[in-house]
Amino acid sequence: MKGVWTLTLDTATPYLSLGLFRGEEGLGRVVRVERRHEEALFGLLEELLAQVGARREEIQTLVLGEGPGSYTGLRIALAAGLGLAQALGARVFGASSLLAASWPFLREGEPLTPLFTARNGLFYGATYTLEAGRPKEVAPPRKLKARELPREGRLLLDPPPDPRGLYELLPFAREGVEPLYL
């Protein structure tokens with residue numbers, strides 16, 4: 001349906017990942033903002049709306065990154081996304097930030113472990129693969145020490161969650177959001 005857009009948003013990492021998509025159309029942005037997500041979020045959203053020629057009222061679905069990530073980082077995306085959804089009457093879906101970060105790199109039958117650097121020498125990580133085009137969680141999101149990193153498959157260190165990945169994960173996402181604080 002023309003005029004209906006999906007907004008993707010993730011602030012679980014030092015990156016602000018934001019996108020507006022409709023079918024094959026759309027545009028995503030990833031900006032490293034460290035801990036200044038709230039300063040950049042709405043300005044970047046207005047830029048994206050203008051670039052794709054959409055109005056805020058045309059957003060009918062949101063896909064929000066659920067983490068894992070910093071408590072404050074996750075709260076920014078969830079609060080902003082849920083507030084927008086309520087104001088617009090839009091549906092909200094949640095997706096793993098780790099899965100969204102790995103989505104462009106996943107291959108059939110090849111395990112991939114995206115890692116977000118956490119505090120105290122720890123990493124947030126999960127292992128995924130594709131099976132018949134569907135993401136499969138091989139190992140759930142967890143905190144890992146360097147010595148606990150998987151020895152098999154590929155590792156992906158500190159990738160930003162992919163805005164288009166969040167959009168393409170919509171068929172596998174669940175309605176509502178459940179932040180993952182590890």
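Which loop is Pro68 found in? Look between strand 4 (59–65) and helix 2, and you'll find Pro68 in that loop.

A few notes before the views. This is a predicted model, so local features need pLDDT of at least 70 and side-chain atom pairs count only at pLDDT 80 or more, while totals for chains, interfaces and linings use all residues. Residues are numbered from 1 along each chain as its sequence is written, and side-chain values use heavy atoms, with hydrogens and water left out.

**View 1. The whole chain, for orientation.** The protein chain has four helices and 10 strands; helices (H or I, at least four residues) and strands (E, at least two) are DSSP runs, numbered from the N terminus. Going along the sequence, the pattern is β-β-β-α-β-α-β-α-β-β-β-β-α-β. The radius of gyration is 16 Å, close to the 16 Å that the globule rule gives for 182 residues, so the chain is as compact as a globular protein of that length. That radius is taken over C-alpha atoms, and the rule is 2.2 Å times the number of residues to the power 0.38. Buried residues make up 49% of the 182 residues; buried means under 20% relative accessible area, exposed over 50%, and partly exposed in between (1.4 Å probe, protein chains only).

View 2. Most residues other than glycine have a negative phi, and most peptide bonds are trans. Here, a cis peptide bond joins Gly67 and Pro68, with omega about 15°. Glu34, in the loop between strand 3 and helix 1, isn't a glycine, yet has a positive phi of about 60°. Asp158 has a positive phi too, near 55°, and sits in the loop between strand 9 (154–157) and helix 4 (163–168). Glu34 counts as partly exposed at 42% relative accessibility, and Asp158 counts as partly exposed at 30%.

View 3. Gly28 belongs to strand 3 (residues 25–32) and is partly exposed, with a relative accessible area of 33%. Setting aside neighbours within four places in sequence, Gly28 is in contact (heavy atoms within 4.5 Å) with Leu18, Gly19, Phe21 and Pro163.

View 4. Strand 7 (residues 122–131) and strand 8 (residues 134–145) pair in the antiparallel sense over nine bridges; strands pair if DSSP finds at least two bridges between them. One such link has Ala139 of strand 8 as the bridge partner of Thr127. Two residues lie between the strands of this hairpin, and Ala132 in the turn has a positive phi of about 55°.

**View 5. The largest pocket.** This pocket has a volume of about 630 Å³. Of its 27 lining residues, Ala12, Pro14, Arg35, Ser70 and Thr117 are the closest to the centre. Helix 2 gives the largest share of the lining, four residues. A pocket, found on a 1 Å grid over the protein atoms alone, is an open set of points where a 1.4 Å probe fits, with protein on both sides within 12 Å along at least five of seven lines; lining residues have an atom within 4 Å of a point. Grid points are joined across faces, edges and corners, and the volume is the space filled by probe spheres set on the points.

**View 6. The second largest pocket.** About 300 Å³ of space lies here. Its lining has 17 residues, and Ala95, Ser96, Leu99, Glu137 and Arg174 lie nearest the centre. Strand 8 supplies the largest share of this lining, four residues.
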